[in-house]
Amino acid sequence: MIRKVLAAAAVATLVASGSVGAQAARDYIFIVGSSTVYPFATVVAENFGRSTSFKTPKIESTGSGGGLKLFCAGVGVEHPDITNSSRRIKDTEVKTCAENGVTNVVEIKVGYDGIVMANDKSAPTFNLSRRDIYLALAKKVPNPKEPSATGVASMVDNPYKTWKDVNPELPNLKIEVLGPPPTSGTRDAFAELAMEGGCKDFEWIKELKGQDKSAYKAVCHTVREDGAYIEAGENDNLIVQKLQANPDALGVFGFSFLDQNGDKIKGNPIDGFVPTFDDIADGSYPVSRPLFFYVKAAHAGVIPGIPQYLAEFTSEKAWGPDGYLADRGLIPMPKEEREQFARAAKDLTPLKLAAN
Amino acid sequence: MSNSTQSRDATRQVAERTMKRVNASLRKRYRAERRFRMYGILSVMLGIGFLAVLLIDIAGKGYTAFLQTYIELEVYFDPQVIAPDGALDEETLRMANYNSLIRESLAYLFPGATSRSDRRALGALVSNSAPFQLQQMVMENPGLIGQTARVTLLASADADMVMKGMISRRVPEAERRLSDMQIAWLDTLEDRGRVEKHFNKAFFTHGDSRDPEQAGIWGAIKGSFYMLAVTLVLSFPIGIGAAVYLEEFAPRNRWTDLIEVNINNLAAVPSIVFGLLGLAVFINFFGMPRSAPFVGGLVLTVMTLPTVIISSRAALTSVPPSIREAALGMGASKMQTTFHHVVPLAMPGMLTGTIIGMARALGESAPLLMIGMVAFIVDVPKGLFDPSTALPVQIYLWADAPERAFVERTSAAIIVLLAFLILMNSLAIYLRRKFERRW
């Protein structure tokens with residue numbers, strides 16, 4: 001008995017020491033990154049795995065920041081080949097990459113993702129503007145009693161309780177918004193596109209941007225913490241369910257969840273545009289952001305299948321207006337942009353640092 | 001004389017007084033006991049109630065996933081489409097346009113659908129995997145080319161949701177994933193007996209997929225199995241070795257006290273910490289691959305070891321000292337006493353502890369997040385170093401998927417996980433009952 005146990009432990013140790021050898025020959029593409037791009041990248045990966053003789057890539061959902069960190073850690077089989085990102089790579093990240101020898105990075109934009117403010121079908125429609133969103137959700141707002149006052153010091157803790165307080169044309173309902181937590185890329189994009197968009201409506205805040213960028217950001221991006229904005233976790237399905245249970249609440253999430261649940265919830269118009277596929281695609285719906293992935297060009301000849309995976313992702317049948325990614329809720333880019341990035345994917349055009 | 005009578009009277013009086021007081025308080029004490037029992041029953045009922053709500057919710061959402069809609073079609077394996085130039089080599093068969101065979105077959109059933117968008121909508125009733133099913137059939141049996149066969153194909157997830165009533169037919173057309181026309185086609189197919197629900201075999205035999213109708217938990221189950229195998233092989237001998245040494249051989253001093261405190265402490269450390277440790281030590285330092293069940297097994301070993309050691313030590317303590325003394329008295333060495341008598345008698349308790357530790361490891365997802373097992377992996381892992389997920393992680397991933405059909409699959413995966421946990425815990429109870437010795 002004891003001998004057997006010892007033998008088993010010895011075998012386990014042997015297998016463990018073999019692990020380094022197992023990794024030396026990775027024959028599948030290793031992708032990390034954003035959970036927003038994950039549903040699209042996985043579909044491409046699956047189709048790529050089925051229609052070619054290469055193995056299906058492994059895609060880890062690590063978030064944009066976590067993905068870039070892993071991606072920039074170095075060149076070699078133990079590091080990822082591609083990272084998905086729901087925002088553009090930052091200067092600091094490019095620098096980290098370069099310090100670790102990752103110098104030749106190819107940037108591919110894949111399409112757009114709309115962020116919607118949805119509520120239950122039975123609930124009234126909110127004709128929102130970005131200004132309304134900012135006033136309803138920011139932590140500090142310009143004092144409504146002294147409209148002429150300017151400067152950060154004159155701002156007061158958000159006094160608005162109902163949507164009607166914010167804008168008399170909106171329904172008389174308590175402000176209750178379910179949305180992602182600060183760790184989420186969706187939240188960053190929402191703050192940047194929706195709240196900042198409304199924030200800029202105030203002349204003096206707009207001027208602040210030129211003078212004190214960090215104060216400007218704090219004013220526009222900080223979400224109130226008095227219970228009107230409810231952090232509902234990263235799970236967007238949960239927000240959809242909660243909206244059905246509570247028709248008075250609004251939810252913030254990606255367009256693909258609205259697309260899949262159109263029989264239960266509806267997207268509210270922002271600045272006069274309802275979040276539909278076409279209005280997001282032509283840019284008239286204001287709250288949409290580009291999605292990217294980054295490729296390590298140094299891996300292209302080492303790990304099998306990378307050029308073919310890029311070709312699959314950038315093919316019309318994938319990211320075109322009638323492609324299978326559009327079926328999943330990805331908003332396609334205009335034709336010229338698609339052609340531009342398809343060429344970049346084919347030639348592995350490196351990212352210009354100056355462009356940042 | 002009178003003195004003793006007096007004292008007897010006094011005693012009786014005291015006794016009567018006491019009886020009176022006892023009788024007076026008796027009812028109160030009975031009431032207190034009844035009240036306490038009621039609280040107990042109430043707590044148990046509340047616990048059962050919560051459990052029932054959870055189970056009913058999961059079972060109610062998940063049971064539909066065990067059935068899957070299939071569409072039967074007559075497919076003509078057109079030689080013109082499969083091998084236009086007559087060559088039947090593997091590459092031709094692999095790359096042929098099987099999708100058009102399915103489109104043709106559907107168009108034959110519904111001659112009315114002629115426009116490109118109609119035919120596209122018609123094709124959307126069948127799963128994306130259907131062409132690959134035909135491809136496999138032809139590659140296995142090239143003799144099919146030129147013949148017509150009745151093939152059972154997976155319906156698409158949207159069609160499946162309509163057939164199961166998860167997508168309501170009453171809501172306006174624009175808000176549904178399927179148009180009125182597509183639903184009408186589906187109904188016609190059903191009237192002709194071509195739409196059937198069968199047991200969802202794919203759910204138990206496939207790896208993950210982004211098409212809900214083809215997504216399965218086999219990859220996750222195998223990943224969990226490999227991980228638990230590594231955990232068992234490592235934590236059982238190490239845990240029992242540590243427990244036997246600490247309990248039977250180690251001197252009692254400050255060092256062993258310190259070790260004991262540390263082991264008890266480790267048992268209470270949140271599991272995510274072990275994930276961070278695994279990331280730092282196994283992946284970053286030893287350079288083991290991410291997402292490998294072997295690394296997962298190592299992390300879970302570190303996590304379950306305290307549980308195994310503590311329960312094994314408890315089992316060893318419960319072996320009465322008389323056994324050890326008798327063995328020593330018969331001339332057995334300390335080593336013989338321990339391994340011939342004490343350890344076998346403590347084994348049932350040790351096994352129970354190990355199995356409960358394993359069950360905890362099976363349900364664990366937090367440490368696996370850190371070592372890259374939250375990943376989309378289609379291929380079913382074939383070994384300890386192939387990338388894989390685990391059951392709880394698969395549930396986590398599906399719970400976040402936008403497609404409607406993943407809701408029922410998430411619940412179904414939870415049902416499977418619960419079934420495994422119940423199995424393991426009942427095995428632990430069975431072993432304890434069967435081998436338990438009372439002293």
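**Domains and confidence in chains A and B**

In this predicted model, the domain assignment divides chain B into three parts: domain 1 (2–63), domain 2 (66–213) and domain 3 (218–435). The centres of domain 1 of chain B and domain 2 of chain B, taken over C-alpha atoms, are 68 Å apart.

Confidence in chain B averages a pLDDT of 90, and 99% of its residues score at least 70. Among the elements of chain B, helix α10 (residues 218–249) has the highest confidence, at 95, while helix α3 (residues 90–95) has the lowest, at a mean of 77. For the model, the scores are ipTM 0.77 and pTM 0.83.

Chain A is assigned two domains. Domain 1 of chain A is made of two segments, 26–112 + 289–355, and domain 2 of chain A covers 114–288. Between the C-alpha centres of domain 1 of chain A and domain 2 of chain A the distance is 30 Å. Their contact draws 13 residues from domain 1 of chain A and 14 residues from domain 2 of chain A. On the domain 1 side of chain A, the residues that touch domain 2 of chain A comprise 4 nonpolar, 6 polar and 3 charged ones.

The secondary structure of chain A consists of 17 helices and 11 strands. Its C-alpha trace spans about 75 × 60 × 40 Å along the principal axes. Chain A has 356 residues, of which 46% count as buried. Among the contacts in chain A with a separation of 6 or more, 73% are between residues 24 or more positions apart.

Note on methods:
Residues are numbered from 1 along each chain as its sequence is written. Chains are lettered from A and ligands numbered from 1 in the order in which they are written. This is a predicted model: local features need pLDDT of at least 70, side-chain atom pairs count only at pLDDT 80 or more; totals for chains, interfaces and linings use all residues. Domain bounds come from an automatic or database domain assignment. Two residues are in contact if their C-beta atoms, placed from the backbone, lie within 7 Å. Ala, Val, Leu, Ile, Met, Phe, Trp, Tyr, Cys and Pro count as nonpolar, Asp, Glu, Lys and Arg as charged, and the others, Gly among them, as polar. pLDDT is the predictor's confidence in each residue, from 0 to 100. Helices (H or I, at least four residues) and strands (E, at least two) are DSSP runs, numbered from the N terminus. A residue is buried if 20 or more other C-beta atoms lie within 10 Å of its own, exposed if 12 or fewer, and partly exposed in between; C-beta atoms are placed from the backbone.
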